[in-house]
Amino acid sequence: MNKFEDIGLNSQLLMAINRLGYEEPTEIQSKIIPHIMEGKDVIGESSTGSGKTLAFGCGVVNKVEEKQGLQALILAPTRELVDQVRKEIVKIALNKKLHITSIYGGVGMGPQIEELKRTNVVIATPGRLLDHYRRGNINLKNLKVLVLDEADRMLDMGFIDDIEKVIKACPKERQTLLFSATINPRIKTLSARYLKNPVDIKAEKYVDPSKLTQVYYDVNKNSRISLLLHLLDEKEGLAMIFCNTRKMVDFVTKNLRENKISTVAIHGGLTQNKRTNIIDQFNKGKFEVLVCTDVAARGLHIEDVSQVYNYEIPKDPNDYVHRSGRTARAGESGKVINLLCEYDHDNFGRVVNEYRNFNIEKMETPKFKRIFAVGTESFGKPQFRRGPRRNSGRGNGRPHYNNRGKR
Ligand code: ADP
Ligand code: MG
């Protein structure tokens with residue numbers, strides 16, 4: 001089923017999805033939403049970036065009614081994720097007057113206590129939620145839906161006791177939705193204990209780590225495009241090249257074309273229709289290389305590619321995983337090639353830190369021919385200060401690069 005209209009959503013949800021600009025459901029969404037809408041317990045297994053939030057968000061917004069107290073609780077591992085999920089739920093709740101609250105530690109309890117008095121939906125990290133529960137700040141009696149998002153990560157972070165205590169505080173009569181990028185024995189135990197005849201849904205052939213090779217090259221930013229061209233010489237099959245901004249996509253595309261590589265590009269400046277058309281052609285093998293930003297590549301069906309090049313390292317480590325997920329699928333082997341300039345090191349450090357099981361091998365930079373690039377490469381502008389340097393607290397003497405820009 002490839003249409004939002006066919007998966008059991010009501011008109012309020014369809015309208016909200018339309019407003020979000022999603023054209024068609026992702027694989028996990030089309031498989032799992034019908035079960036969620038029927039009120040079943042589910043276990044959803046799919047990789048990062050596959051659109052799990054919308055899947056459970058629809059279930060939550062469907063069940064929760066205006067006023068009537070706290071009816072849905074979503075547990076997530078970190079405060080960033082809590083905020084991220086909250087933002088998406090707010091959009092899904094379009095036209096419904098729901099009170100939706102983020103709860104996490106590291107900030108004062110007071111304002112949260114006030115919010116909890118009138119909230120309908122809570123998205124929380126387990127520790128702080130339990131804290132509120134113990135102090136009697138939260139009433140779980142009217143709860144209809146409990147969501148455990150990124151369950152594998154919550155268990156890795158040692159939240160199991162807190163999670164179990166929270167679950168036990170919830171009414172037995174409820175719908176429970178569990179989402180995870182991977183399902184391991186601990187998750188199975190948890191679901192066997194607390195879910196009722198759950199429907200197991202697995203989506204997206206995901207990356208087989210044993211088939212995925214990851215490497216990186218250190219390179220000066222003035223030679224990066226030349227190194228890329230050199231590496232592309234040895235490319236087999238289809239390749240994707242990821243950049244962080246639209247401008248960089250344009251720059252890389254122009255230079256590849258100039259060097260006779262058949263290239264297409266997608267970025268956030270194109271309409272969804274245009275993007276879909278381009279991807280169709282790429283999937284049919286009409287071009288060798290697709291250059292894109294993360295945002296543009298989201299939610300599009302792209303066939304397996306044999307190489308993923310990170311021309312720049314994404315700011316969000318999840319995007320790195322998402323990019324890698326375009327290769328090494330369905331038993332095929334794949335390669336991720338990172339071209340690191342100095343300004344990428346912070347972002348790269350985050351990837352390595354967050355995903356310690358990744359084995360990203362450093363490669364000797366080969367001898368390569370320098371080309372004269374067309375156009376100028378525009379990276380996040382270094383913010384050089386004129387005049388005397390104020391004490392900004394950063395104080396590491398390096399210019400501060402920002403990677404913002406249109407994606
Ligand atoms: P997950 O929780 O599986 O890691 P998210 O729910 O965070 O993934 O979604 C990843 C990204 O994909 C988000 O930016 C979201 O807005 C976008 N997205 C979700 N569903 C769709 C869709 N059907 N079409 C296009 N983009 C989508
Ligand atoms: Mg998620």
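Is helix 3 mostly covered or mostly uncovered, and how many of its 12 residues are buried? In this predicted model, helix 3 is mostly covered, with nine of its 12 residues buried. The buried positions are K52, L54, A55, F56, G57, C58, G59, V60 and V61.

The surroundings of ligand 1 were examined next. The ligand is surrounded by 16 residues, of which Y22, E24, Q29, G49 and T53 are the closest. By residue class, this shell divides into three nonpolar, nine polar and four charged members. A polar side-chain atom of Y22 is placed 2.4 Å from an oxygen atom of ligand 1, and a polar side-chain atom of T53 is placed 2.6 Å from an oxygen atom of the ligand. In the case of G51, a backbone N or O atom lies 3.1 Å from a ligand oxygen atom. Taken alone, ligand 1 exposes 570 Å², and 83% of that area is buried by the protein.

Two further residues, each within a helix, were considered individually. T253 is part of helix 11, which comprises residues 246-258. Its relative accessibility is 4%, and T253 therefore counts as buried, the cut-off for that class being under 20%. The side chain of T253 reaches the backbone oxygen of V249 at a distance of 2.6 Å. When neighbours within four places in sequence are left aside, T253 is in contact with T263, A265 and V291.

K117 belongs to helix 5, formed by residues 110-118. The relative accessibility of K117 is 60%, so this residue counts as exposed, a class that requires a value over 50%. A polar contact at 2.9 Å joins the side chain of K117 to the side chain of E114. K117 and L70 are 47 residues apart along the chain, and their C-alpha atoms are separated by 8.6 Å.

How values were computed:
Residues numbered from 1 in each chain as written. Chains lettered and ligands numbered in written order. Predicted model: local features only at pLDDT ≥ 70, side-chain atom pairs only at ≥ 80, totals over all residues. Heavy atoms only, no water. Near = heavy atom within 4 Å. Polar contact = N/O pair within 3.5 Å; in protein donor to acceptor, adjacent residues only side chain to side chain. Areas by Shrake-Rupley, 256 points an atom, 1.4 Å probe, with all protein chains shown as cover. Nonpolar A, V, L, I, M, F, W, Y, C, P; charged D, E, K, R; others polar. Buried < 20%, exposed > 50% of the residue type's maximum accessible area, 1.4 Å probe, protein only. Helix = DSSP H or I, 4+ residues; strand = E, 2+ residues; numbered from the N terminus. Contact = heavy atoms within 4.5 Å.
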